[in-house]
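Dear colleague,

Please find below the structure that I am handing over to you. My notes on it follow directly after.

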Amino acid sequence: MAEEFSTDGMLDMYLFENGQLLEQLQETVLEQKDAECFDEDSINEIFRTMHTIKGSSGIMMFDNITAVSHKLEDVFYFLRESQPDNVPHVELVEHVLEVEDFISNEMEKIRNGDPVDGDSSGIIAELDKFLDKIKNGAAEDAEPIPENVHEEPKQFYIAPVATSASRFYKIYITFYPETEMANVHAYKVVYSLKEIAEDLLYSPEDIISDEASSEVIIQEGFRLLLQAQCSEEDIRKVVSEGYDIKKVDIYECKAEEFLQGFDFGGQDIVPQIDLESSVEDIEARKEAAEEKTGKEEAKPAKPKMAPGDFVIKSKEPGKQKKLAKDKKSEKATFISVDVRKMDQLMELIGELVISESVVLQNPDLKVPGLNLTNFNKAASQLAKISTDLQDVIMSMRMVPLTNTFQKMNRIVFDVSRKLGKDIEFVMVGEHTEVDKNIIEHISDPLMHIVRNAVDHGIETNEERIDSGKADKGKVTLSAKTEAGKVWISVEDNGKGLNRDKIISKARRLGMLDDNKPDEAYTDKEVYQFITLPGFSTNEQVTEYSGRGVGMDVVVQNLQAVGGALDIESTPGFGSIMSLKIPLTLAIIDGIVLETGNSSFVMEMSAIKEFIRVKEDMMIHEPNGEEYIMIRGECLPVIRLGDWYGLEDYKQEIEDGIMLIISVEEKNVAIFIDKLIGEQEIVVKPIPSYIKKVKGLSGCTQLGDGSIALILDPIGFIE
């Protein structure tokens, strides 16, 4: 008997691979949601995705996932083979997304260790009804789904050129009779052998697209032809007996025998026969084989094939092509790594950077008369390796925003359908890369802002027509990087924010100063009220808004990663919600500077230039504001000592130095005492018990062990 099958070691891989398949499925569906129908490639891709999920879920014994993916697979099998013209596309899109949601929810239960108990019967019933509708709606004279169509060979197979090191094998695999979905297990064998194969052929061919091949494999075995530069022992390391495979027979042959195909006659490789089989059954098989041989001999003789001209029957339209390994193709170079291990590695590299600074800035090195030539060379090499190491780990942690943006596409599709609004969704800069930890923090805030744009911002179709606007609403999600920050904007062409309504609600809630008139508040100040807890201008509570929660959580999540929310709105024309977040939470290149007795760090990418100025370049306003003229441009001046109320800092302009920083095409001059130098900075968050201070984004430890605050240039621009 086969050993007891354990799925524990396969669970993580199951979740990872199927999670990727579901992301690709959703992306494929949403890309074509506005089309008239799915194209042929998409139908084939969705069919293969469902077939793969069905197979792996069956192996893992998640019956409800297997059942619902099997039913959707049936739908796309009919679409692929019959190609009906009467398919309601939007309804099909909704069915696919409903299945994707169901499987995603079940997989989340698996991750949390909860029972996988979702009821798929309702979804299956709806899919049955949909399948019946498109079948009955098809024209009566439509071509039926092809079954076992036999055609004369139309395609010649030419094996890859063998080298002197190439070896040829015929492999026969016997599966246990009780093995479920033997075709999927057979495909796993093929997939494993591709890693070592120069050429690989197998029979039956259609193990993925033809479920009936499973019975053939159980009854007749699975045959493979393998050309590779390896030994029989190497093959057995890849394919061996287990819970599903009863026996693996491997026979090494010559190239001429290899080209003769799957005729294993004359070899010691024969299907295993159960000991319970009777002699009569064996004799019956022999007679059937002899009768078949007689019929074949009665047929006209076919021309003898030369080596290299082994004929393979052409596949039916829509069937998956044969997998063959090109000897020139490279092996897979990707592996999956637990994010927690990468986080730990990033922390260790951060400590390495700090330790490096401690070593290179050690006071013992400042003793007069020391010859540090060799030390400096070694230190330079160490710094280079340290920098390269940071670059590599940072590139590993950086992932594109594509998947996050696609989730927003799904939200717009779902919410607009439920609200009856016709909305176009546009993505710009979705390939912008951000630290994975940052993406995890912004996903929920972004989702809430997009929902608000669809629910609050975009008017109903009737309201848009009455106001003379375009029929379609539009939500644009864009991303860009600038000055070490990622800027993600959600823009809609809806009705915009109502300033008067917001102020009125703020007055009722006691958020405004009674002695300050409404006109004294700027638009930016008014719009920020909607981010306060309990604030909502929606009088009616809906599924998506009106409870007074959401925007305050958005701001809290952004502040947790050193980000901020900026709101712009034009009444009648729409709003723009901009998320400003750091590109990474790890290590940055910074300039260490000093004002008074305090040390600060400014990210290098934000600094435009350093200049020494004279008093005659300064402009002093009566209200205390200061400006400086640089090459004909007037820039506001911020004295860092005054900004933070420091003591013992330099008052005279000519004694200090000006930092010109630039963000969003806005420039400002910051007056400091002196520059210390360039340094790689390990970013640490400011402790939560310290109140949020404008112009600060974090802190770091310097080489001498002291703490320096990291300046946020955006805080000085706003």
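I begin with Glu108, which is partly exposed at a relative accessible area of 39% (buried means under 20%, exposed over 50%, and partly exposed in between, with a 1.4 Å probe and protein chains only). This is a predicted model, in which local features need pLDDT of at least 70, side-chain atom pairs count only at pLDDT 80 or more, and totals for chains, interfaces and linings use all residues. Residues are numbered from 1 along each chain as its sequence is written, and side-chain values use heavy atoms, with hydrogens and water left out.

Confidence. The mean pLDDT (the predictor's confidence in each residue, from 0 to 100) is 77 for the chain, with 81% of residues at 70 or more. Residues 145-158 have a pLDDT below 50, and this stretch makes 27 contacts beyond near neighbours in sequence (a contact means heavy atoms within 4.5 Å). Residues 266-286 also stay under 50, with 16 contacts beyond four places in sequence. Where pLDDT is low, the predicted coordinates should not be read in detail.

Salt bridges. The whole structure holds 26 salt bridges (a side-chain nitrogen of Lys or Arg within 4 Å of a carboxyl oxygen of Asp or Glu). Glu108 pairs with Arg111 at 3.3 Å, N to O; because the two are three residues apart in helix H4 (residues 89-112), about one helical turn separates them. Helices (H or I, at least four residues) and strands (E, at least two) are DSSP runs, numbered from the N terminus. Arg111 is partly exposed, at 43% relative accessibility.

Lys71 and Asp128 form a further salt bridge at 2.8 Å, N to O. This pair links distant parts of the chain, 57 residues apart: Lys71 lies in helix H3 (residues 63-82) and Asp128 in helix H5 (residues 121-137). Lys71 is buried at 17%, whereas Asp128 is partly exposed at 33%.

Strand E13. Ser575 is located in strand E13 (residues 574-582) and is buried, with a relative accessible area of 6%. Its side chain makes a polar contact of 2.9 Å with that of Ser569 (a pair of N or O atoms within 3.5 Å; within protein, one must be able to donate a hydrogen and the other to accept it, and residues adjacent in sequence count only if both atoms are side-chain atoms). Beyond four places in sequence, the residues that Ser575 touches include Val490, Asp492 and Leu497.

Yours sincerely
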